[in-house]
There are 2 protein chains.
Amino acid sequence: MDQTDSTPVAGTPTTAGDLETALTRWREALGPEHVLTDEASLAEFTDPYSPAGFGYRTPAVLQPGSVEDVQAVVRIAAETGVAIWTNSQGRNNGYGGSAPRDPDTVVVNLRRMNRVLEIDEDLAYVVVEPGVSFRDLYDAVQASGKKLWVNMPDISWGSVIGNTLDHGNGFTLYGDHAAAQCGMEVVLADGSLVRTGTGAMTASKTWHLSKRGFGPSTDSLFMQSNMGIVTKMGVWVMPQPDTYKVCDIKVRQESDLEALVDTFRPFLVDGTVANCPMLSILPPPFRRGDFWDQDTPVPRDLPEGLGPEAAVMGAWNIRFALYGDREIVERNFERIHTAIVSIPDAELTGTFIDPEEARLGNPALADQKARVMAGVPDMSMLDVLKMYGTGGHLSFASTIPLAGVDTRRIVDLVRTRVEEAGFDYTCGIILYQRYAIHVSLILYDVADEPQVKAAHQLYRDMVVEAARLGYGEYRTHIAFMDLVAEQFDFNDHAHLAMVERIKDALDPAGILAPGKQGIWPRRLRTTH
Amino acid sequence: MDQTDSTPVAGTPTTAGDLETALTRWREALGPEHVLTDEASLAEFTDPYSPAGFGYRTPAVLQPGSVEDVQAVVRIAAETGVAIWTNSQGRNNGYGGSAPRDPDTVVVNLRRMNRVLEIDEDLAYVVVEPGVSFRDLYDAVQASGKKLWVNMPDISWGSVIGNTLDHGNGFTLYGDHAAAQCGMEVVLADGSLVRTGTGAMTASKTWHLSKRGFGPSTDSLFMQSNMGIVTKMGVWVMPQPDTYKVCDIKVRQESDLEALVDTFRPFLVDGTVANCPMLSILPPPFRRGDFWDQDTPVPRDLPEGLGPEAAVMGAWNIRFALYGDREIVERNFERIHTAIVSIPDAELTGTFIDPEEARLGNPALADQKARVMAGVPDMSMLDVLKMYGTGGHLSFASTIPLAGVDTRRIVDLVRTRVEEAGFDYTCGIILYQRYAIHVSLILYDVADEPQVKAAHQLYRDMVVEAARLGYGEYRTHIAFMDLVAEQFDFNDHAHLAMVERIKDALDPAGILAPGKQGIWPRRLRTTH
């Protein structure tokens with residue numbers, strides 16, 4: 001077993017309770033067919049990107065089919081002391097997939113709760129259950145005939161709620177999923193049911209329209225945490241725009257990075273570009289053979305004389321979209337163009353795609369970003385794993401200011417460390433209005449345990465080094481949750497201490513997702 | 001004493017503790033000059049719009065000058081059991097001003113903490129202390145020479161932090177103050193200091209850029225609540241736009257309301273109009289003599305034959321702004337115009353104002369909305385109080401869907417009840433992207449106690465009636481906090497019960513703002 005920081009220390013309490021009693025009662029409550037304990041069924045609910053020897057496993061998977069089922073599940077958990085780890089689809093791959101931190105924790109998987117409860121065209125929102133994937137939601141909206149574009153992350157099999165609760169992102173105007181959330185229903189650890197925002201009023205007409213009710217808003221407490229189980233959620237979506245233009249900025253040299261970020265920034269700050277653009281290296285390194293056939297890392301700036309096409313390889317591009325009235329889109333394109341051409345040899349290109357045609361299977365949506373920026377489901381990013389036989393990855397994902405100097409600093413740090421450790425550097429930098437998230441996939445072969453261990457060590461080292469520069473991880477694999485939480489150190493970790501007090505108040509039995517994001521219930525805390 | 005629902009029930013515990021010891025220790029900690037107990041000084045820190053007989057008062061006002069002072073204040077409060085009620089400027093007029101709910105609670109006023117700590121032009125944010133008013137912030141930005149527009153509410157003397165924590169609003173692109181907040185520093189009830197978001201990392205470079213750190217976000221727990229005292233806060237502001245156009249839609253008949261809201265809505269939902277427009281009756285009723293000289297309420301539709309000018313009186317207008325590139329502003333204006341003229345006789349007018357000239361004292365900013373939509377401080381709305389000798393008001397403010405049918409329903413309800421009770425109906429409906437807040441000021445003479453009591457009774461009746469229609473109050477006067485909280489009744493008030501568990505975990509001594517938004521600490525709860 002790998003000595004990840006989630007390994008229980010000998011002699012400390014574990015999340016195991018009276019499992020046999022719990023399983024008997026769960027079978028009674030849910031029906032035996034929804035309590036999975038056979039090895040074949042459990043195999044799907046682990047971390048697909050960790051070797052078996054790392055010990056990520058669960059003794060059972062529960063699949064409740066309703067809110068009442070979820071309430072029964074948590075009550076039995078509290079009464080028997082068996083901890084549970086909830087996921088929606090269980091596709092949080094790169095961050096631990098479906099696996100709980102402690103192998104005695106039982107997985108609760110919500111795929112059976114898969115209804116799209118509401119699709120409102122005038123006010124542009126939907127209401128979903130946790131089992132609804134982005135693909136399911138796209139299909140439901142298409143079937144409804146309503147002219148709405150659902151937000152879409154890179155890979156569409158994940159749960160809308162699950163991704164939102166992990167602070168995930170997508171690529172339309174509602175790309176910041178946590179910000180697009182409005183109104184939740186949550187089962188607490190004692191089985192009680194709460195509704196947030198104005199939904200706390202039974203008759204409320206604005207549950208999914210206004211984020212704030214009377215008193216404090218609590219929705220964000222249920223994201224990246226273990227305070228409750230979300231059973232319904234409102235999601236804001238965009239009206240189908242009049243026009244859709246897919247845009248692409250290319251610079252010629254790797255060293256243009258700072259200028260590119262600083263030149264593009266004002267258009268994010270002022271809202272001209274309001275989706276989540278992706279800044280990345282051209283082309284992705286997993287196709288490195290196309291332009292660099294040597295074993296050594298791709299040079300940051302290619303040698304002179306390789307011709308204009310080659311010069312772009314290894315440099316940077318930004319993919320983004322403009323939506324709306326055609327005249328306005330054209331004018332904004334022109335404004336961005338005027339700014340970008342101040343960088344020598346930089347190019348901005350764009351293609352209008354008829355929004356009516358922005359549908360699954362349309363060849364006009366030739367590339368992945370053109371699809372997801374139009375809210376069209378896609379799975380092709382999984383191809384990144386084909387680099388190796390049994391491909392897996394860790395996502396190293398740091399929050400930085402939206403500034404050239406910071407982008408350079410994180411790129412240099414991660415690229416240097418990744419290459420020193422013998423891995424290929426990849427990056428996708430997601431641009432928000434005032435910050436960015438530098439995501440680097442550390443790709444490896446799951447079957448090669450020493451390589452996976454090297455990837456884990458690399459990741460640990462980078463967490464600490466990035467934190468020293470002031471860049472925190474926005475999300476992390478279950479193996480590193482305590483380490484990342486540890487970096488949030490202001491006033492001796494006062495924020496985490498406060499969150500733990502809330503945890504203990506809402507989950508006194510300590511049964512919901514122990515250790516998630518480094519938050520342990522009192523019975524399992526070793527440090528304080 | 002008026003039997004408001006904040007009146008302590010005989011025999012129940014109060015917020016009084018060992019006041020004499022507390023005052024002695026506070027004087028030692030803060031300096032005696034910052035512990036006010038003389039009647040003249042205390043007079044300012046009450047509810048200016050409630051008659052003295054209503055009993056809103058405090059035994060003392062503390063004015064800490066630093067974070068360390070605030071920490072000392074809460075520690076002494078916890079040790080002596082004397083509850084404290086914090087405000088920033090203490091200008092929450094219409095909702096209770098500076099007054100605590102219980103007259104034994106000591107006011108903590110943060111006006112002395114009035115530094116603008118940071119003004120960042122590239123990333124368009126500022127960092128302020130609680131004593132900084134909107135006017136102070138405007139002045140600081142002007143003095144810095146940085147081209148940023150600060151958001152501005154109708155009246156600029158209030159605290160930026162105080163208004164934000166009460167879910168207040170203003171009129172630029174960052175009009176939803178709670179949404180414009182990014183990163184807090186908070187003193188908890190035990191005196192410990194936390195920073196939220198990525199600020200929980202000491203070295204963080206993104207505290208005021210990214211709203212989410214690692215784990216759950218807790219900022220919203222400190223709004224409309226009593227969980228801590230905010231001592232610093234980041235605020236997003238807008239870059240000075242290239243052009244600024246002040247726009248005005250007028251319809252001819254009161255009955256055009258539904259069509260007006262439904263025709264304008266798509267431009268809010270799709271982001272074309274991104275400030276907080278104000279929908280109101282033309283002209284405000286306090287100038288009713290200009291167009292209706294009878295004692296009876298202004299008819300909802302004026303009789304035929306009063307001429308085109310008169311026909312507009314009593315009908316509706318929307319004030320909003322367009323910002324940005326001139327060509328785009330013109331095109332958006334044209335798009336809105338095309339839609340609006342589908343309503344018979346409706347008009348859209350607009351005036352460009354040079355953003356360089358959008359400064360205090362410029363006569364080009366001829367009217368109040370032109371000023372505040374450009375982030376220019378204003379105090380003229382206080383004139384509304386001149387209707388009476390000692391003018392006061394209650395703000396009745398309900399959250400409704402952004403839809404014609406709901407707007408009609410709340411207007412009819414409030415107008416009917418207000419007029420039945422012998423008051424004049426006023427309204428300003430603040431439009432957000434998917435909802436609106438119908439604010440009606442119930443204007444009265446503070447010296448006329450029976451009239452104020454009638455206003456209170458009217459308010460109570462409307463809270464219950466609006467809730468029955470599904471419209472909750474977004475904010476309320478201290479007299480009605482329990483009543484409003486009571487309307488948020490889903491699952492036997494499960495949300496409030498959860499919030500109370502958090503309250504007890506973070507403030508076990510029950511000393512921070514007892515009863516704020518209906519949240520009482522355990523020692524003072526009578527119902528559960």
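Arg265(B) has a relative accessible area of 10% and therefore counts as buried, where buried means under 20% relative accessible area, exposed means over 50% and partly exposed lies in between (1.4 Å probe, protein chains only). The structure is a predicted model, in which local features need pLDDT of at least 70 and side-chain atom pairs count only at pLDDT 80 or more, while totals for chains, interfaces and linings use all residues. Residues are numbered from 1 along each chain as its sequence is written, chains are lettered from A and ligands numbered from 1 in the order in which they are written, and side-chain values use heavy atoms, leaving out hydrogens and water.

A salt bridge here is a side-chain nitrogen of Lys or Arg within 4 Å of a carboxyl oxygen of Asp or Glu. Helices (H or I, at least four residues) and strands (E, at least two) are DSSP runs, numbered from the N terminus. Over all chains, the salt-bridge rule gives a count of 74.

Asp248(A) and Arg319(A) meet through their side chains at 3.9 Å, N to O. The two residues are 71 residues apart and link distant parts of the chain, with Asp248(A) in strand 12 (residues 243–250) and Arg319(A) in strand 14 (residues 316–324) of chain A. Asp248(A) is buried at a relative accessible area of 14%, and Arg319(A) is likewise counted as buried at 14%.

In chain B, Arg252(B) and Glu347(B) form a salt bridge whose closest N and O atoms are 3.9 Å apart. Arg252(B) sits in the loop between strand 12 (243–250) and helix 7 of chain B, and Glu347(B) in strand 15 (residues 347–353), so this pair ties together parts that are 95 residues apart in sequence. Arg252(B) is buried, at 13% relative accessibility, whereas Glu347(B) is partly exposed, at 36%. Salt bridges can also join into a network, as they do for Glu254(A), Glu258(A), Arg408(A), Asp412(A), Arg415(A) and Glu419(A).

The interface between the chains comes next. Chain A contributes 89 residues to the contact and chain B 91 residues, contact meaning heavy atoms within 4.5 Å. Together the two chains bury about 7600 Å², of which 62% is on carbon and sulfur atoms. On the chain A side, Phe214(A), Arg434(A) and Phe490(A) lose the most area to chain B, together 13% of what that side buries. Buried area is the accessible area (1.4 Å probe) that two parts lose on being put together, summed over both.

Between chain A and chain B the count is 10 salt bridges. Helix 14 (residues 490–506) of chain A gives the most to the side of chain A that touches chain B, with 10 residues. By class, that side has 43 nonpolar, 26 polar and 20 charged residues; Ala, Val, Leu, Ile, Met, Phe, Trp, Tyr, Cys and Pro count as nonpolar, Asp, Glu, Lys and Arg as charged, and the others, Gly among them, as polar.

How do the two copies relate? A rotation of 180 degrees, with 0.0 Å of shift along its axis, superposes chain A on chain B with an RMSD of 0.0 Å. The copies are thus related as by a two-fold rotation axis. The same surface serves both, since 100% of the contact residues of chain A recur in chain B. The superposition is by least squares on the C-alpha atoms of residues with pLDDT of at least 70 in both copies.

Finally, one residue of chain A shows how the fold brings sequence neighbourhoods together. Trp149(A) lies in strand 7 (residues 148–149) of chain A and is buried, at 5% relative accessibility. Beyond its neighbours within four places in sequence, Trp149(A) is in contact with residues including Val237(A), Tyr244(A), Tyr323(A), Pro355(A) and Met373(A). Trp149(A) and Pro377(A) are 228 residues apart in sequence and 11 Å apart in space, C-alpha to C-alpha.
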